[in-house]
Amino acid sequence: MPGEAKAPFNNTKADIILQSSDNVYFRVFRCILALTSPFFEAMFDLPQPRGNNSNDEMFDGLDVIQVSENSRTLDILLRFCYPVAVKDPALEDINDLEEVLEAAMKYGMEDVEERVRKAMVAPSLLESNPVHILAIACRFRLEPEARTAARYSLRHTAPTQDTLAASHLPNNVIQGLAAYRLNCSQAARTLCNNLDWLKESQTHSFYEWWTNCCPCSSKADVRYLTHGTYPREWWADYMDKTSVALEESPCDAALTKNLEEAVERANNCPSCQRRAQKQMVQFTGTFTEELDRVISKITLDISI
């Protein structure tokens, strides 16, 4: 005996049944399917012969249409199709997302596809496994989503060969992703090595660690000379560590990785501690904006 789907797909007033691959009946309305899917609209427009044809399946006086999707995928897909009274399902599982996206494309459900693609680039999913999202985007030839996933992959250490192999990424995408990451890392480290992007007013009078009259025991450091002024040693050490962090993960998180340690060292100086916390937060904010600007210019060279 087939299983019965949960509400609202068990409505006795429904006029057709979709049978999932795992033998669950979904009672639905033709008009809703026709409005959301050209595939079903065309199917319902075809003449429906009646007779002794054993291939015609009926249940409770309703036509039964067998589909290849399992009940979990079909439930999510249909919830996207139903009126706003039924809340959009949360796509928190990447495998669910891939299955629903495939079904939406198969049935020509453009509105559902658009909403699933939007969910696909939600930070919660991208943060958890950007390489998997990239693989899905490549499979369905979704270039904008592929580029977004590649950008998010920078927030993690470089994926291992095992991770890339398990994701089933095409070789050209693997090579393109590696080149993209290398170019982003180089661009990020250049910002550490060349501080011309900082305004002179910021380096001389705005940031405490570039003052020459500071009694700080952390001496002026020959590293990161800017506009003829040397920074404090604690700040130079922060920049060295940040440069290494940016090579591993060229993203904004690398800029704050060593921030707490730097501020703690600055607090040992009566002069530096006055504004170190506030100014370092401001500095990393400016740095983040510049990092985003240069990374945004780097292209992901892949063909999908």
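Trainee: How many helices and strands does the protein have?
Mentor: This predicted model has 15 helices and five strands.

Trainee: What makes residues 3-4 a strand, E1?
Mentor: A strand needs at least two residues in a DSSP run. E1 covers 3-4, so the run qualifies as a strand.

Trainee: Why is asparagine 23 called partly exposed?
Mentor: Its relative accessibility is 32%. Buried means under 20% and exposed means over 50%, so a value in between is partly exposed. Asparagine 23 lies in the loop between E2 and strand E3 (24-28).

Trainee: What is the phi of asparagine 23?
Mentor: Positive, about 65°, although the residue is not a glycine. Most residues other than glycine have a negative phi.

Trainee: Why does arginine 141 count as exposed?
Mentor: Its relative accessible area is 61%. The cut-off for exposed is over 50%, so the label holds. Arginine 141 sits in the loop between helix H7 (130-139) and helix H8 (143-153). Its phi is also positive, near 60°.

Trainee: How do you know that the peptide bond from alanine 7 to proline 8 is cis?
Mentor: Omega is near 10° for that bond. Most peptide bonds are trans. Proline 8 lies in the loop between strand E1 (3-4) and strand E2 (16-19).

Trainee: What share of the protein counts as buried?
Mentor: Of its 304 residues, 46%. Each of those is under 20% relative accessible area.

Terms used. Residues are numbered from 1 along each chain as its sequence is written. This is a predicted model: local features need pLDDT of at least 70, side-chain atom pairs count only at pLDDT 80 or more; totals for chains, interfaces and linings use all residues. Side-chain values use heavy atoms; hydrogens and water are left out. Helices (H or I, at least four residues) and strands (E, at least two) are DSSP runs, numbered from the N terminus. Buried means under 20% relative accessible area, exposed over 50%, partly exposed in between (1.4 Å probe, protein chains only).
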